[in-house]
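Please read it with the structure open beside you.

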Amino acid sequence: MTAHFVVRWMRFMWLSVGMIFVVFPLYWMATTALTPRAELFKPPYPLLRTSYSLENLIELLSATQFLTFLKNSLIVAAGAVCINVVAATLAGYALSRFAFRGKNLFAAATLWTYMFPPILLAIPLYLMFSTLGMRNSYSGLILAHVSISLPLNIWIMWQYFQVVPRSLEEAAWTSGASRFRALCEVLLPSAMPGIISAAIFAFALSWNDFAFAFILQTDISMFTLPVGLATFVEQSAIHWGLIMASSLIVSLPTFALVFLMQRYLMRGFAIGK
Amino acid sequence: MSTSDSPREGGWVAAAIGPALILLLLTAYIPIIYALTLAFYNKTAFNPDMDFVGLKNFFWLLKRDDLWAALGKSIVFTLGSVGFQLAFGLFFGLLLNEAIRGRAIMRSLVILPYLLPTIVIGLVFRWILNPEFGVVNQILLSWGVVERPINFFGGLDVAMTSIIVTTGWQYGSFAVLLILARLQSINPRLYEAARSCGAGTWRCFVDVTLPNLRTTLLLIALLRGIWMFNKFDLIWIITKGGPLQATETLPIYVYKIAFQDFNFGRAAAGCFVMFVILLVVSLIYFKYFNPTKEIEVNR
Amino acid sequence: MTKKTELPGVFRQLKTSRRSVLRSSAYLGLGLAAPSIISRAAWAQDAKKITFVSEESNPKAQAVYDKINADFEAETGISVTMEYPGFENIAQRVATLIASGTPAELVWYGAGSAMEVALQGQLADVSDLVTDLGIPDNLRLVVDGADRSVATSQQFVYGWYRSDLYDEAGLDPYADWDSYLAVSEKLNNPPAMYGNIVPSAQSGASHLLMETMMQKNDAHWFKMGDDGEYEVYLDQGDNMGKVVETLEFLNKAHKFAPEGSNYSWGDLMSQYFTGRVANSYYVGARLLEQTMSNAPDLAPLTKPISLPAKATDNYYLSVQGFHVGKGSNEDGAKQYVKFFMNHPAYIEWLHSVPLHIIPAKQEVLNSEAYMDNDVIQQRMDVLEFLDSIWGKGRAPYYWDGDKLNKYVGLYQNDSLGGWMLAAMNIGGQDAESVVKEAADKIREKMSDL
């Protein structure tokens, strides 16, 4: 009994320390966002702030194009998620259910793309997308973002389909369902956690991306959040208040998303069995 | 696995693989091949024309002391960062796998950094760890831990560590996610069986948890290793490779060749070298850590 | 249900077979052909469109651009698309555009950066505009016998100091190197207050301090050889002594400064307006503007001053201007430049950061229209200071001789002066070896051209 108690206490202590490490930067980001302008550069700062101000948030929403950046980011991320889910599910299905020539090469080649440092992709991508007239468009950036998330997503779906028993599908076939119907009605529902994980991963990479968006979106009205945020870092001054305010606004819905989806995430990302 | 290669299945395969293949070809393979071939050309940033120069760019590059210094920095950074992320992932994965009150909220908080834009994280850490306006230094000073503020991202001896901790904070969450997901899918009967043989918490961990996590950990190490080796944005946002060259990893060095010396051909050669290093290391990694052998024993 | 993971299987496949080698080489061949195909993709220039890449990040200045652009389109039917990649990324953007064979019509940024582009033959001849607009000679950038830059504005590197602290301590403003060190030491009281600021990082802020102080000491990077070509002079003869002396001076000053191992321009200002340093410097008056908006009580006490002179009283001169991409819609771009410079809102554009971006011509500086601004009215002392040093500035590419020195990019692009300060002040290397190493770095790059 006491041993059990000690273990629980230890666990609690460790977790507290760990959580402070994780949460403190987030906490300080939120605190800074709510700090009045005049106090921003006046340390020492109170660790528990009592005088809050919405100055930064108000300026962010009124004087900058933050909402445009946010909208662009959401549209692009949504597009990347949709394309990823469809393409990765299909590819994962094919990899797990069929044997075909070049299968292993295809699977390996998806991961190879991660080995090339993306620094120099600016020139070819710029050229290609200019030629195709896809600069400063949502579709161009969506495609670019798909290129970074699709490889791992194909893997996630491949792994996930492997743990969905074939018997489920076969049972559907014997009861007369076509392959396509069996895929849609039997396989997809049971692969849902994998699909949601793939979606989240696609969202995370699209949401995070600076490099591609910087190259392809040159018109400020098409900037995504990361590129837009970079405009708050000027040669003369880093607008810490604006940066922290936008970080805060971005974090809240992201947190809600993770919170609501985590049940699926915990199953879907179980790759590497 | 079905092996029949009937025409009907061929159609299925084409339809299922097609979209992914076309997307990857267009947005990944063609640009990558283009960028790799630049390595064999003399191409400056301010000229649309280029001449074929064979391996000249590689000869130039491989003679650079800076290249090898950067490779050393890259190795330290990649190993440090991946190690930190794995430790972070195991720490939280194991603790948050237990039934504790507030687990859902804590899990979400731990995973959250992965979904925040890198630029946000880079700037938040610059702000928090700033020697003059940073709250961390303020706390350390008020507790008397240090006498003068620590210049976390500007000190020759601490900059790399600070960068590693920052990447660990952001990307450790990826490891937490995969590890938690894997832990959830371990059959609880395995633990019951171990317990009934008298195994304690530690033995359960060593005999059941670790072997089941092995492949996941190896996969995390591989993927994160590749990504960290190529990591550019976070380091550039925070230190730009400084102070002096303390955090100048290969991607930073290559970027400087491209956009400070304006030589795309040589930068492409640098990318080529990085690509080859990753490919070779991945092959060796799988030769020595092939996880297939043991996984069947543990099941 | 398969128990084996497929991941390693895939990698086992990577062990190359002869067939896959053949296949890969086929792909490689295809790839080798690709660049030449793509780069020849013709770029249709539209006479009714201009792409204008500007370093500007200030919303006020951007608003002025919008106004002028609208008027320009109304008059000529040419539409202007603005791009603001930011000062950190503009070189990358310009490079990407040119390397892709799609140069921007107009780029507004530093003439020093533009020189790199001009040397590659990628900037159009704008001599006619320079003559028409009467741009002063010291702001011109002549490459291959033609002007490549239309200067809109300029900045000097000079100091700013806290007059209240000087008054309290009964000190006179510094005038030479010794008095600079003396006041810095006297006012130094770390960590609450530092005597001065010596950023020691591979950053532009750090580099320009080193380069400015070298100029004040008549120390040079290059020297014109007998054959009329520039050669590295940094570590040669007496000149090396002067460079070493400059470095050692800044090393002494660094003892009364925060570590600054990662400081860039923004830090020079935030350190100053938060009241942590008694002396700072900047390229222009943005420091004053930032102090006005962040610490209004400090602003009136903030006074301009020349950085301490020694052998010369030269000022590092930074010139910004319009640059027209060769092979772009050159005519449209030139029309725009003329329109911009003659537009009444040009003054408003200069006022976006008052006294910071100062006009190319002295008569504009002294014009009523320019002085008609609240900030300038309050700070006529700054205007008078600028007027007093007018013409004493020299751009870095004309510092080592009257002929344009095309090699300045070799030490400026990677902020070599900043590296020198970092190597000595942070890395603890001695001055002589730092100077030798720096000279070797330049020589190596030169031999490589």
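**Notes on the predicted model**

1. In chain B, residues 158-181 are 96% helix and 0% strand, with the end C-alpha atoms 34 Å apart; helices here are DSSP runs of H or I of at least four residues and strands are runs of E of at least two, both numbered from the N terminus. Residues 108-129 of chain B, by comparison, are 68% helix and 0% strand, and their end C-alpha atoms lie 24 Å apart. Both spans carry the UniProt annotation "transmembrane region", which comes from an unreviewed entry and also covers residues 12-41, 75-96, 217-238 and 267-286 of chain B. UniProt positions are given in the numbering used here, feature names are shortened, and such annotations may be inferred rather than shown by experiment.

2. This is a predicted model, in which local features need pLDDT of at least 70 and side-chain atom pairs count only at pLDDT 80 or more, while totals for chains, interfaces and linings use all residues. Residues are numbered from 1 along each chain as its sequence is written, with chains lettered from A and ligands numbered from 1 in the order in which they are written.

3. On confidence, chain B averages a pLDDT of 86, and 94% of its residues score at least 70; pLDDT is the predictor's confidence in each residue, from 0 to 100. Among the elements of chain B, the highest mean pLDDT, 95, belongs to helix 3 (residues 65-95), and the lowest, 35, to helix 13 (residues 292-298). The pLDDT is below 50 over residues 1-5 of chain B, a stretch that has 8 contacts in the model beyond near neighbours in sequence, where two residues are in contact if their C-beta atoms, placed from the backbone, lie within 7 Å. It is also below 50 over residues 291-299 of chain B, and that stretch has 17 contacts beyond near neighbours in sequence.

4. Chain A has 12 helices and 0 strands, and its C-alpha trace spans about 70 × 70 × 30 Å along the principal axes. Of its 273 residues, 50% count as buried, a residue being buried if 20 or more other C-beta atoms, placed from the backbone, lie within 10 Å of its own, exposed if 12 or fewer do, and partly exposed in between. Among the contacts in chain A with a separation of 6 or more, 78% are between residues 24 or more positions apart.

5. Where chains A and B meet, 77 residues of chain A are in contact with 76 residues of chain B. On the chain A side, helix 12 of chain A gives the most, with 14 residues. The residues of this side divide into 60 nonpolar, 12 polar and 5 charged, with Ala, Val, Leu, Ile, Met, Phe, Trp, Tyr, Cys and Pro counted as nonpolar, Asp, Glu, Lys and Arg as charged, and the others, Gly among them, as polar.

6. The largest nonpolar core has 312 residues, and those with the most contacts inside it are Ala91(A), Ala268(B) and Leu106(C); such a core is a set of buried Ala, Val, Leu, Ile, Met, Phe, Trp, Tyr and Cys residues joined through C-beta atoms within 7 Å. Helix 6 (residues 138-163) of chain A gives the most to this core, with 15 residues. Leaving aside residues up to four places away in sequence, Ala91(A) touches Ile154(A) and Met157(A), together with Ala16(B), Ile17(B) and Ala20(B).

7. Tyr253(B) sits in helix 11 (residues 250-259) of chain B, and it counts as buried because 24 other C-beta atoms lie within 10 Å. Its C-alpha atom is separated by 6.8 Å from that of Ala70(B), 183 residues apart along the chain. Residues up to four places away in sequence not being counted, Tyr253(B) touches Asp66(B), Leu67(B), Ala70(B), Glu248(B) and Gly270(B).

8. Chain C has 21 helices and 13 strands, and buried residues make up 51% of its 449 residues. An automatic or database domain assignment gives domain 1 (49-155 + 317-389) and domain 2 (156-316 + 395-447) of chain C, and the centres of these domains, taken over C-alpha atoms, are separated by 26 Å. In chain C, 20 residues of domain 1 are in contact with 19 residues of domain 2. Helix 5 of chain C supplies the largest share of the domain 1 side, 5 residues, and the residues of that side divide into 14 nonpolar, 4 polar and 2 charged.
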